[in-house]
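Let's walk through this structure together, one meeting place at a time.

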Amino acid sequence: GCGGGSEQTSSSSSGAAAPSKKVALVIAQGGLGDESYNDLANAGFTAATKEKGLDGQHIESKDVVAQGEQLLRRAGTSGFGLVIDLEFSHGEILPTVAQAYPQVKWVFLNNKIKGDNIASVLFSEQDSSYLAGALAAMMTTQTGNPKINPDKKIGVIGGTKSVGIDKFLSGYIEGAHAVDKDVQVLTAYSNSFGDPTKGAQLADTMFQQGADIVYAVAGGTGAGVIQSAQKNKRYAIGVDDNQDKLAPGYVLTSVLKRTDLAVQKVVDLYADGKFPGGQTIGLGLAEDGVGLTDFQYTKQDIPQPVQDKVADLKKKIMSGELKVWNVIDQGYPAWLQG
Amino acid sequence: MPVRLGARDVSRAFGSVRANAHVDLTVEAGTVHAVVGENGAGKTTLMRILYGLDQPDSGTVVIDDHPVRLRGPADGIRRGIGLVRQELAMIDSLTLLENLVLGAEPRSGPRISWSAARASAVDLAAGFGISLPWDSPAGSVSVSVRQQVEILRALRRGADVLILDEPTAALAPAQVTELLRLLRGLRDAGRTVIFISHKLDEVLSVADTITVLRQGKVITTVPADSVTRPELVSLVVGAPLEAEGYSPSADVGPPVLEVADVISLRVHAGEIVGIAAVAGNGQDELVERIVGLRPCTGRITLSGKDITGLPVDRRRSAGLGYVSGERRTEGLSLDASLADNTIAGTHRTLGRFGWLAPGRVRAHVQRVLDGYSVRYGRTSAPARTLSGGNQQRLVIGRELDRGPTLLVAAGPTRGVDVLGEAYIHARLKELRDNGSGVLLVSEQLDELLTLSDRVVVLHQGEVAGEVPGGPENRTAVGNLMLGRQP
Amino acid sequence: MNTSPDSAVEPARRALPVGAVLRPVLPFLVALVIGAVVLLATGHDPLDFYQLLVREAFGGTDRIAATLSSATPLLFTGLATAIAFRAGVFNVGVEGGFLLSGLVTATVAVHVSGPLVVPVAMLAGAAAGVLVSVGPGWLRARWGVDEVVTTLMVNFVVTGVTGWLVTSFLQARGVANAATPLIARSAWLPDLLPPDNLTSGVLIGLGLAVTYAVWIRHSVLGYELRQTGLNQRFAAAQGIRVGKVIVVAMVISGAIAGLGGAAHALGVVHRYVDGFSPGYGFTGIAVALLGRNSAVGVVIGAVLFGALASAGTTAQLFSDIPLDIVNVLSGTVMVFAVVRLWRRR
Amino acid sequence: MIHSALLLWTPLALAALGGMLHRIAGVVNIGLEGQMLGGALVGALVSGVTQNWVLGVLAAGAAGAALGLVMSLCITRLHANEIIAGLGFTIVITGLTRYLLRDVFHVSGTLRVAGLDPLPGMLGVDPLFWLAVALVPAITWALRHTAAGLRLRATGDGFDAAGALGLPTRRIRDVAGVIAGVLAGFAGAHLVLGQVGLFNENMVAGRGFIALAAFYFGRSRPWATALACLLFAVFDEAQARLQTAGVPAQLVQTLPYLVVIAVLTATAVRDARGKAGRTG
Ligand SMILES: Nc1ncnc2c1ncn2[C@@H]1O[C@H](COP(=O)(O)OP(=O)(O)OP(=O)(O)O)[C@@H](O)[C@H]1O
Ligand SMILES: Nc1ncnc2c1ncn2[C@@H]1O[C@H](COP(=O)(O)OP(=O)(O)OP(=O)(O)O)[C@@H](O)[C@H]1O
Ligand SMILES: [Mg+2]
Ligand SMILES: [Mg+2]
């Protein structure tokens, strides 16, 4: 059969010719403007294609679920050399389409897809969220800090109730409980990724209920959470991108998910003729694909022992000593209802 | 004499129908000018044009001897013209006072001065010797009161030409007398009135001048005191018409309808029972209970069969026919085609297995429309395009064609011209003579008395008395209707 | 609600011939002009872009298949809306029926096996659609509760409930968004033109359209439905059981919406997942109005909106113009779909 | 808690009162959502450029007015169906907003306007809150005691009858549509200038539809409509608490909609009982 050397197999059809300059990025549901996943990936895509002199197109669709197959096929017949698909729900379609268009390289994010001309990218968001939870749980007892109250309460706000989001929430809660069983984690969902008003309102409520650190996993809604933290003189935790600078001193840290890095990396590899077909790129703490920011504005608020403990946990996860629950593979854990 | 309002060579066509063809009309100031003509002759169309609600295809409106162009009713109102239409222009949710001042509110700044409004309303009404419940919503008062408010509204807005399109069609005799008195008062005060009615007696009693329209054209204009009723009839119809006589039933059979409720009532086979009542005295509710449009606490039997709890369709298949008094909203579906209107109620019998048979539908529609001389263009045209009288013919035809054992007919000749009226009366009698029962509800005492074998009078929702038919019982019925002794 | 039935339900009316020709084309012309203004104002060439759209919509078997594929759900939702309109009921809840049916169909198809899985799953989907529409229908028929608001609200309720059901009970492992497990291949509706994914769902939709055309004109119930829609009081007085007709119309409307969701689940998406419907129900309203509630009109309307959707997406492979211009176009078509530009006298 | 409920109440009440006036004139305005979005964008931009919140609010109102006028003209002059015009306009405005953000401002989703001047506090709340509060009795009074109010009611309840009296009914509806647009624009301005200080293309998030539900709920009466908005605002506020108490989020979010259905049903049943009228 055809072995792992996917590089040769797929490029053999087009001979030694240079790879096509046309590359495409299929935007996932929520579309551009989600201030997180899609926007970040697109930023990485734009940067990489520009740098490598490629002709990059991003494609949005109102109906990306149902139009998935025709869209991918259309890309396959239109001379594109690389297609990166951000949409979760295309996992089952992609192998068939990839097989039908062997001369095209395909990339899928967030799931492992088999195929010689497909590269998969996986993130370990649960790991970085775990660290954020641990950090928050330790910080909520630092009563010397004026932004911290005596209650052992922290909060987290999800964009919508779904496994993709609950992967973050679960890690956060697990991390918090790992360092202090008594910390209570308030959870809520905003039902939207672009409703800062709602984010501010939910965060206000959590702060009133005694939480002092609220983690927002809700794209554009998070802007309201950060604003609320600033207004209430409490902490927010940002997500995806480094949001620490949006309200310096009030964003404790941001939980990075470097979709931009991932996309940039595959585009670079493609342009250099080293497309990792058939392989899975894992982006975890070790690869700096996920992680926490380096506390640019909050370093002085976080006691050294706390920073040490976070670093220690990070090491344990990277070494495999500590395994954080992954909702996507393992289903819902006891600490978070489905 | 100056022409206060008139038309010069006005034509208006709707598709192939020429509603007005080269109409010349001259209404002199300070007169009551009647416009008469058969159904579809073009009276309403002409009035709408004179008021500015519709524009002529050619020709002009003349006001105070000058040709004018009216772009909308606001133009007509500004030039002192008021129209009280066949369908009254009252807003049900507003109070009578609000309806009265609407569009010409007495103001101080943006604020309406309600005390000034009320004072002027009371004054205005007092001038005609009436007093009205000004704070009641218009939806809750009788047609006659609404009509009075409409007239007062037109006057209040400075109308000194008042156009009334069939104002008496829905009024009881006492109210008609009242209205005619009011119109004469207006004329005597120097105003001008255009009056449309199919009741030629009313026309002769109130008008100074009469214009006769036929098929969109002016046939003649005559001084009212120069014609007799039979002459006027033959002008309108184009031929003389025999006067109807009273011919009571020859053969009364077993009861076909028995109502035992607040109102108790019985109609026998071969009998026409009239219901006389001033509007709002329970006749509408009675009809709706019999037809099945309103729940009933008592008991109703049709040909001996208890139909109290049955829905409308089951009552109809048990032999009930219904001519609604609300032609435009209940008797017809104005936006549906003539064919669809004609088969309504019988549609279930015109096919099988749940499908309509096109051939049978077509045959049925032809038979009804032709059999009852409905004047129409195409059977696929909406019923809205028929003139009022032809609409009524369609309804009558549809219901009589079913051969009902009991026909409930509310205002069956409302808005119908003299010829049509005679025709419908003949059909009702024919139905009776063939052994069916008829329950006839009408505001028109003459009609009730000439047709009915018995007249049951309702007052305040109860039976006030029963009187035999025949023109000689007019006063008795009239008194009972007003709650007096016969 | 005061939506005059006159504009929601088309009466038998004499239309000027000019109007008859202009009517379906005009909304698109207006939309194209407005789109051109936006494009020109932002420095793009509208003609190039429109050419691209036409090519992507109809330029080849694969593109026509894509257009028809995008039109298929709209065919169902358009018909579902039209039939309710005809009875004088403004059913804004077709979206909800489509969604709930998608979830129910997908779940049944995953858990049932055997040769009858497709019909059983479709029936379950139709039943789910009925479940959504029958409540508002009954409330309207029995108590006169305004159906525009209740059906609109029911959509939001269905969205919440389906989301909850999926994440709480039906979530598939290993998928990153709220989704049920994939339906087994044996329960998929077959494709018509492989490899282009045009499913046989489009045939079901067309079949329903033809049935609707004949039924509304020539059946007794269709007659009663039309009369109820044009004038309820008249219908009641002539012995048509108006309440029953309204409920029946809403049941049929819901069933068609449900069949649409079922065909979409079994034929296209093969599961229920976030984003199952991008608002097919709402576009369906525009389709119904554009088609003046007639079967032929609905088919044409569905194809036109389907073309906009599929062409708008793939056009981005060849142009830098943001997809949102297509929303501007389809929104404008919606607004002008029901506009009357000539005077009625 | 009360403070944040009032913050939520303001945009709902402004939009709902506007929609209510339009409803009284006989048009169901489903376009409030889009008009709010347009107002929010313009309000954010103008407030940023001029660094003056008053101009921002006025510009938002003007944007809403323009959108309201165009929509109303489509309905009154071109006989567009009001429901579909509302939905269509919302789609167009949303599409246009997104298009402009991407093609002109080169951002997607969130627009942070430099120098944006937020609403100042007045007696602890913002000026638009006080405007909304003042509008409730003002509208109540105007509907009853001014010619404009009477004509508005007449146009809504008897369009043909009012027209036959010579009232410019279509123009009256247009004016109502413009007022609804202005108030929806203000509501949008409140979302950006009164709450979070930035613009997001999804930030209206169904509030226009809640406003619609509110004036239905309030049966086109100003006080009842304002109270309905308060109810929804408190509901929204309570949602957060219910969620943190462990009730499934998706179910909590359906509650306001279920309440609207329940209330509509209850009032319809009461009306029907009261009339005990014809059956059909
Ligand atoms: N809007 C319309 N569309 C089509 N035809 C119309 C319209 N209005 C009136 N017509 C036709 O014009 C003719 C004159 O109608 P009009 O209503 O003026 O008659 P009329 O004299 O008032 O009759 P009636 O005594 O029955 O009220 C009729 O044949 C009628 O069918
Ligand atoms: N819409 C209305 N319809 C009928 N009556 C009304 C209406 N509104 C107010 N009124 C009644 O009119 C009367 C006077 O009202 P109001 O106090 O507004 O004085 P006004 O007439 O406006 O003032 P003025 O004429 O002295 O300047 C009161 O009895 C009031 O209840
Ligand atoms: Mg007439
Ligand atoms: Mg006073």
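Between chain A and chain C there are 11 residue pairs in polar contact, both residues being at pLDDT 80 or more; a polar contact is a pair of N or O atoms within 3.5 Å, where within protein one must be able to donate a hydrogen and the other to accept it, and residues adjacent in sequence count only if both atoms are side-chain atoms. Helix 3 of chain A gives the most to the side that touches chain C, with six residues. (Helices are DSSP runs of H or I with at least four residues, strands are runs of E with at least two, and both are numbered from the N terminus.) By class, that side of chain A has 11 nonpolar, 15 polar and 11 charged residues, where Ala, Val, Leu, Ile, Met, Phe, Trp, Tyr, Cys and Pro count as nonpolar, Asp, Glu, Lys and Arg as charged, and the others, Gly among them, as polar.

Before going on, please keep in mind that this is a predicted model, in which local features need pLDDT of at least 70, side-chain atom pairs count only at pLDDT 80 or more, and totals for chains, interfaces and linings use all residues. Residues are numbered from 1 along each chain as its sequence is written, chains are lettered from A and ligands numbered from 1 in the order in which they are written, and side-chain values use heavy atoms, leaving out hydrogens and water.

How many residues of chain A are in contact with chain C? The count is 37, and they meet 39 residues of chain C, contact meaning heavy atoms within 4.5 Å. The rule finds three salt bridges across this interface; such a bridge is a side-chain nitrogen of Lys or Arg within 4 Å of a carboxyl oxygen of Asp or Glu. The side chains of R74(A) and D62(C) meet in a salt bridge, at 4.0 Å from N to O. Chain A and chain B, by contrast, are joined by no contact, and their closest C-alpha atoms lie 39 Å apart.

Now turn to ligand 1. Of the 18 residues around this ligand, G40(B), K43(B), T44(B), T45(B) and T385(B) come nearest, a residue being near if one of its heavy atoms lies within 4 Å. An oxygen atom of ligand 1 is 2.6 Å from an N or O atom in the side chain of T44(B). Helix 1 of chain B gives the most to the shell, with three residues.
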